Every structure is written in structure tokens, then in C-alpha cells.
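Colleague: I'd like to learn how to read a model like this one. Could you take me through it feature by feature?

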Amino acid sequence: MRNFLTDGLKKLRAPVSDPASVSKKGQLSARVVAVAAQKGGVGKTTTTVNLACALALCHGKRVLVVDVDPQGHVASSLRESVRIAGASLSDVLLSATPRDLMDAVSQSDVENLCLTPPDKALNETDARLSSRVGREYVLQAAMQSARTLFDVILIDCPPNLGNLTLNALVAADEVLIPCDMSILAFEGVADLLATVQVVNERLRHPLGVLGIVRTRVDGRTQQINDAIGSALADNYREHLLDTRIPVNSALARAQAAGQSIFQFAPTSKGALAYRVLADEFEARHRARTTTPSRATAKAHR
Ligand SMILES: Nc1ncnc2c1ncn2[C@@H]1O[C@H](COP(=O)(O)OP(=O)(O)OP(=O)(O)O)[C@@H](O)[C@H]1O
Ligand SMILES: [Mg+2]
């Protein structure tokens with residue numbers, strides 16, 4: 001496995017272009033973002049995969065996607081581009097001795113993009129983690145060397161707030177919340193933000209909110225879009241991203257074909273929207289890293 005990765009990772013170790021991703025110790029320090037929402041089917045995986053590809057292809061970032069969802073939809077969404085090998089995420093999370101997440105990382109054919117394999121056993125792993133002391137910190141500990149090898153790490157979460165999602169939130173610097181134009185997704189945002197507060201206060205991890213991205217926006221249902229859009233703006237204005245991901249059948253067809261939207265339909269509305277999201281993702285990061293003090297940065301979250 002290590003051999004398989006060596007060539008790809010050599011490329012990843014090339015000099016960083018973005019000085020904001022270099023930590024004080026001079027090591028590369030990835031920006032880790034969990035893509036999470038309690039409601040199923042709101043576009044978490046579609047967003048994770050296509051945002052990752054946009055950051056890798058359009059911004060030249062070295063990107064790792066970590067799939068902590070037992071459904072394993074990241075690898076199936078990109079199955080035309082990956083040769084999965086190595087350990088599973090369950091092997092890493094349940095190891096009796098500390099284990100490196102890099103043992104479970106595979107290179108993809110998409111330039112600059114790596115990912116962890118699909119792992120159906122994660123369902124059982126979630127339950128088995130319940131009896132472990134420090135169960136919320138396992139992924140964070142395993143991710144230390146990955147943080148030095150990538151610019152961005154995106155974690156695709158399952159549609160619940162179980163141990164795997166908590167591990168993702170504690171391993172992350174920020175959370176990105178996809179919200180489709182439904183009342184149930186809107187209500188789920190409050191639950192997730194309450195969990196972010198638990199992570200901040202009880203687990204003492206300074207998790208920020210990157211933003212809420214409106215997904216599956218259907219131009220034919222203007223009234224409900226306006227209602228949910230206003231509710232999001234009234235309640236979470238500071239978190240609401242400008243980018244809206246439209247309903248676009250090419251996104252669903254790309255997933256079915258096992259390709260990112262940039263491989264499948266690079267000029268589609270979906271591809272354009274995820275490119276715009278990647279631009280906003282980068283712009284928000286630049287705005288934060290140029291903010292003078294930590295206290296000010298926190299107030300902006
Ligand atoms: N903008 C979009 N336009 C059209 N179809 C979409 C869009 N976003 C997602 N889909 C489709 O909706 C379905 C659910 O999307 P996705 O798998 O990304 O959701 P999810 O939140 O990850 O689901 P889960 O909670 O089960 O993990 C998929 O079939 C996907 O192809
Ligand atoms: Mg998913």
C-alpha cells in the first residue's frame with residue numbers, strides 16, 4: 001500500500017502554493033472540513049465529491065476525501081477514477097494501537113485527489129466506538145500525518161449525529177452544512193449547530209462553521225425556495241453562503257456513472273455551481289486567515 005502511494009504522494013509533497021496552509025512549525029497544515037447534515041439525501045456526498053474535484057482541478061489543491069459514511073457513496077460516486085487498496089477506515093479507527101489514516105488512503109486518477117475506501121463495516125464500528133474512552137478523538141489522532149500532506153481534507157458524514165459524525169466534527173476545523181429547500185433540512189441545521197456547540201464546549205474542540213450551502217434548488221418551486229431561503233437568512237445570516245447548487249440532472253447522472261461532474265459534464269449548470277462553491281470556499285478561507293486576531297476570527301464564525 002505504501003509503495004502504491006509513494007509516487008502519488010511524492011507529487012503531493014511538492015511545494016505549497018498557499019502560504020496560509022503552512023503552520024507555525026513550518027509544516028503543511030491541511031484545512032479540514034466536515035460536510036455534515038442530519039437529514040439524508042440533501043447532497044452531502046454530491047457536494048463533498050464535486051467540491052473536492054473543483055478544489056483539486058480548478059485551484060490546484062491537494063485534496064483528501066475521507067468517507068466516514070458506511071454507505072460508501074464517495075467511492076461509488078468516483079468509481080471510474082479509483083483503485084481502492086490498503087486498510088479500511090474501521091481498521092484505523094478500531095486499532096488497539098494508534099494507527100495512521102494514511103494506511104487507508106488511495107490515490108485517484110483525478111489529479112491531486114486521494115480518498116479513503118468504502119467501508120460497510122463502519123456501521124458496526126460506530127457502535128463499537130461507543131464503549132471506548134476518548135471515542136470522539138480517534139479520527140483526529142489518526143489524521144495527524146494526513147494534515148501535513150494535503151491542503152484540504154473533506155470528510156463526508158453519514159445522515160446522523162452518531163460517533164462517526166462526532167469523530168469527523170472533532171477532527172475538523174470547520175463544518176460545511178448542505179441544506180436543501182425543505183423544512184426538514186432547515187430544522188436539521190439547528191440540530192447540527194447545537195452539536196457544533198457541544199463540540200466547542202463539552203469536547204473543547206474549536207470547530208467553526210464554514211457555512212450553509214443551499215442545495216438542490218429547483219427553479220420551479222420558487223415559493224418554497226423563498227420561504228426556506230428567508231428562514232435561513234433570518235436565522236443564520238452570518239453562515240449562509242452565496243452559492244446555490246441548482247437541481248441539475250447531470251449531477252445525478254454523473255454520480256450514477258461513477259464520475260465527478262467535471263469529468264461527466266464539465267459545462268453543465270452543476271459543474272458551474274460547484275466551481276463557484278469552490279471559489280467561495282477559498283475566498284472565505286482567505287478572509288479568515290488574513291483576519292488579524294483569533295478572537296476576531298471566532299466572532300466571524
Ligand atoms: N443538485 C442536484 N441535482 C440533482 N440531483 C442531485 C443534486 N444533488 C444531489 N442529487 C442526487 O440526490 C441524491 C442524494 O444526493 P447525495 O447522495 O449527495 O445526498 P447525501 O446527503 O449524501 O445522502 P445521504 O444522507 O444518504 O448520505 C443522489 O441521487 C444525487 O445524485
Ligand atoms: Mg451521502
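Modeller: Let's begin with contacts: two residues are in contact if their C-beta atoms, placed from the backbone, lie within 7 Å. In this predicted model, residues 24 or more positions apart account for 76% of the protein chain's contacts with a separation of 6 or more.

Colleague: Which share of the 301 residues counts as buried?

Modeller: For the protein chain that's 44%. As for secondary structure, the chain has 14 helices and 8 strands.

Colleague: And what does pLDDT average over the protein chain?

Modeller: The average is 89, and 87% of the residues score at least 70. Over residues 1-20, though, pLDDT is below 50, and that stretch has 21 contacts in the model beyond near neighbours in sequence. Residues 22-26 also stay under 50, with 4 contacts beyond four places in sequence.

Colleague: On to the sheet. In what order do the 8 strands come?

Modeller: The general idea is that strands of a sheet pair through backbone hydrogen bonds, either parallel or antiparallel. Here the sheet is open, its pairing is mixed, and the order is β3-β4-β2-β5-β1-β6-β7-β8. β3 and β8 (240-246) are the edge strands; each has a single partner, so one side of each is left without a neighbour in the sheet.

Colleague: Which helix packs on the sheet and touches β1 (31-35) and β2 (63-67)?

Modeller: That's α2, which also touches β4, β5 (152-156), β6 and β7. Its direction makes about 165° with that of β5. Helix α10 (residues 222-236) packs on the sheet as well, touching β6, β7 and β8, and its direction makes about 175° with that of β7.

Colleague: How many bridges join β6 to β7?

Modeller: There are 7, and the two strands run parallel. One pair to look up is Pro178 with its bridge partner in β7, Val213.

Colleague: Now backbone angles. What should I know about phi?

Modeller: Most residues other than glycine have a negative phi. Asn112 sits in the loop between β3 (106-107) and β4 (113-115). Arg216 has a positive phi too, near 50°, and belongs to strand β7 (residues 208-217).

Colleague: Is Asn112 buried or exposed?

Modeller: The cut-off for buried is 20 or more other C-beta atoms within 10 Å. Asn112 has 24 of them, so it is buried. Arg216 has 21, and therefore is buried as well.

Colleague: Last one, the ligand. Which residues are closest to ligand 1?

Modeller: Of the 21 residues that surround ligand 1, the closest are Gly40, Lys44, Thr45, Thr46 and Pro159. By class, that shell has 6 nonpolar, 12 polar and 3 charged residues.

Colleague: Which elements supply at least two residues of the shell each?

Modeller: α2 (44-58), β7 and α11 (249-257) do. Of the shell's contributors, α11 gives the most, with 4 residues.

Key: Residues are numbered from 1 along each chain as its sequence is written. Chains are lettered from A and ligands numbered from 1 in the order in which they are written. This is a predicted model: local features need pLDDT of at least 70, side-chain atom pairs count only at pLDDT 80 or more; totals for chains, interfaces and linings use all residues. pLDDT is the predictor's confidence in each residue, from 0 to 100. A residue is buried if 20 or more other C-beta atoms lie within 10 Å of its own, exposed if 12 or fewer, and partly exposed in between; C-beta atoms are placed from the backbone. A residue is near a molecule or strand if its C-beta atom, placed from the backbone, lies within 6 Å of it. Ala, Val, Leu, Ile, Met, Phe, Trp, Tyr, Cys and Pro count as nonpolar, Asp, Glu, Lys and Arg as charged, and the others, Gly among them, as polar. Two strands pair if DSSP finds at least two bridges between them. Axes are lines fitted to C-alpha atoms, for helices over the stretch in contact, and angles run from 0 to 180 degrees between N-to-C directions.
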